[in-house]
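Hi,

Here is the structure I promised to send you. Have a look at it first, and then read on for what turned up in it.

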Amino acid sequence: MWSKRKSVDYSLQRRHTLEELQGALRTMVSHESLDADPLLVRAALHHGVLTNRRCPVRNCGRLITLNYAFGDQLGQYSGRIKSEEELSQMENEYGEFSVYVVEVCPECGWNHIIESYVLGDGVTRKPPRRVATVEDIYG
């Protein structure tokens, strides 16, 4: 992606969380990194990209990554899951928006942000006109 900037790698924070988690597992204490929201797990199973990396906690399965896009210029579409192809198209259509890459293990509930970055062409635009959704119609 040509406009990728302000990239933040969360690998050190991830490593620290894994070290804390190993200690919590030894003492049988629950840990917040193993409590993936059911909606996050469902989104990972249906919209995520399967990686070659194994679960770092229990080695129980392969990790799935999701790309969440956030930004004022996205309007009602902020906070949605986007594929790499959609992000490549969006970086030419919007001035600036943030992408958060989350890894999820649907088997044990491990989840962590692994990267964030900003995309867009830098031209400020108004958010798109709000379109009625199913939630607006049926509540």
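Helices (H or I, at least four residues) and strands (E, at least two) are DSSP runs, numbered from the N terminus. With that in hand, the protein chain has four helices and six strands, and from the N terminus on their order is β-α-α-β-β-β-α-β-β-α.

A quick note on the source: this is a predicted model, in which local features need pLDDT of at least 70 and side-chain atom pairs count only at pLDDT 80 or more, while totals for chains, interfaces and linings use all residues. Residues are numbered from 1 along each chain as its sequence is written, and side-chain values use heavy atoms, with hydrogens and water left out.

Now the overall picture. The C-alpha trace spans about 50 × 40 × 25 Å along its principal axes. Of the 139 residues in the protein chain, 39% are buried (under 20% relative accessible area; exposed is over 50%, partly exposed in between, with a 1.4 Å probe and protein chains only). Taking contact as heavy atoms within 4.5 Å, 62% of the contacts with a separation of 6 or more join residues 24 or more positions apart.

Is Tyr138 buried or exposed? Tyr138 counts as exposed because its relative accessibility is 71%.

Enjoy exploring!
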